[in-house]
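Please look at the sequence and the structure below.

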Amino acid sequence: MPTLPWKHVIESQQFDRKLLEVVFRVADQMKADLAGERKYAKALDGKIMASLFYESSTRTRFSFESAILRLGGSVITTENAREFSSAAKGESLADSIKIIGGYADVIVMRHNEAGSAVRAAEVSSIPIINAGDGAGQHPTQALLDMYTIVDAFPDFTSLKVAMVGDLRYGRTVRSLSYLLTKYENIEIIFVAPSVCKMEMDIKEYLDKNKVSWREETDLAQVAKEVDCIYMTRVQKERFHSSDDYEGAASKYILTKEIVAGMKKEAIIMHPLPRVDEIPTEVDEDPRAMYFEQALNGLYIRMALLYLLLNND
Ligand code: CP
């Protein structure tokens with residue numbers, strides 16, 4: 001079994017095509033194993049994962065914790081580190097990381113500040129996995145997103161992806177944009193309210209890596225031409241008070257009528273949680289992939305933990 005060439009998982013650009021294939025193949029093995037033999041059930045016996053979450057989470061924290069438990073390891077956790085760790089007493093992130101490094105074999109950390117995962121990695125004696133750092137990145141989400149896309153379009157030679165909603169503060173669309181540059185003939189269409197358009201650093205990165213992109217405003221028109229629509233929640237918690245949150249949040253809703261105009265083989269993705277940008281009546285459409293996407297997070301995170309911590 002190959003190993004990963006670095007200690008920490010901080011940003012999605014760390015993964016080249018070859019590494020992506022490795023992670024995806026191990027994720028396939030994990031998926032098959034959970035449904036069958038369970039030969040990996042004790043693969044990480046004795047390993048301890050610390051899940052250190054300064055921001056709320058359902059999918060990322062539970063899937064990481066499920067992943068290590070399903071591999072035979074153990075979890076130490078705080079789901080609200082701002083309140084229930086010594087951060088509440090003023091302890092610095094660096095001190096907390098140094099201390100936890102003595103108690104665990106890997107730290108999965110979500111933090112409200114962009115750049116916090118890099119700061120943690122600089123002082124950590126054990127691997128840090130970035131589980132979302134503010135409006136920065138969410139690399140393991142991008143891995144499960146790409147795994148879902150490749151599963152739906154195994155032999156694609158070109159792909160048109162629409163990213164919709166909060167592209168300014170959305171770390172998932174930022175990380176996925178980086179990862180899409182690893183593939184040929186990708187076209188990205190950004191559809192966002194004016195207060196949360198995709199930032200220039202991503203647009204420049206796409207230009208540099210020869211990924212075609214454009215901005216549009218008519219979701220119904222865009223929906224007709226793409227292979228994948230990636231909806232996102234407008235994140236109220238990251239908005240400045242002067243921004244028009246209500247106007248932005250209600251601007252792009254993927255209604256059943258819009259979905260009816262999509263290609264038959266297209267897919268609808270969302271990192272979740274959603275508010276009302278995808279009405280629940282869309283869930284029964286066979287193109288709605290977001291619950292499978294979230295489940296893929298378990299296989300991807302099992303694969304990552306296995307590749308980072310397995311000593312065999
Ligand atoms: N997609 C995602 O990161 O979900 P959670 O915030 O629930 O972890």
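Helix α4 (residues 93-100) lies across β1 (48-53), β3 and β4, and runs at about 155° to β3. Contact here means heavy atoms within 4.5 Å. Axes are lines fitted to C-alpha atoms, for helices over the stretch in contact, with angles from 0 to 180 degrees between N-to-C directions. Helices (H or I, at least four residues) and strands (E, at least two) are DSSP runs, numbered from the N terminus. This is a predicted model: local features need pLDDT of at least 70, side-chain atom pairs count only at pLDDT 80 or more, and totals for chains, interfaces and linings use all residues. Residues are numbered from 1 along each chain as its sequence is written, and side-chain values use heavy atoms, with hydrogens and water left out.

The sheet itself is open, with four parallel strands in the order β2-β1-β3-β4; two strands pair if DSSP finds at least two bridges between them. Its edges are β2 (74-78) and β4 (128-133), each of which pairs on one side only. From one strand to the next, the twist averages 15°.

Five bridges join β1 to β2, and Ile 48 stands opposite Ser 74 in β2. Five of the six residues in β1 are buried, that is, under 20% relative accessible area (1.4 Å probe, protein chains only), whereas exposed means over 50% and partly exposed lies in between. Between β3 (residues 106-111) and β4 there are four bridges; Met 109 has Asn 130 in β4 as its bridge partner.

The loop between α4 and β3 holds Tyr 103, which counts as exposed because its relative accessibility is 54%.
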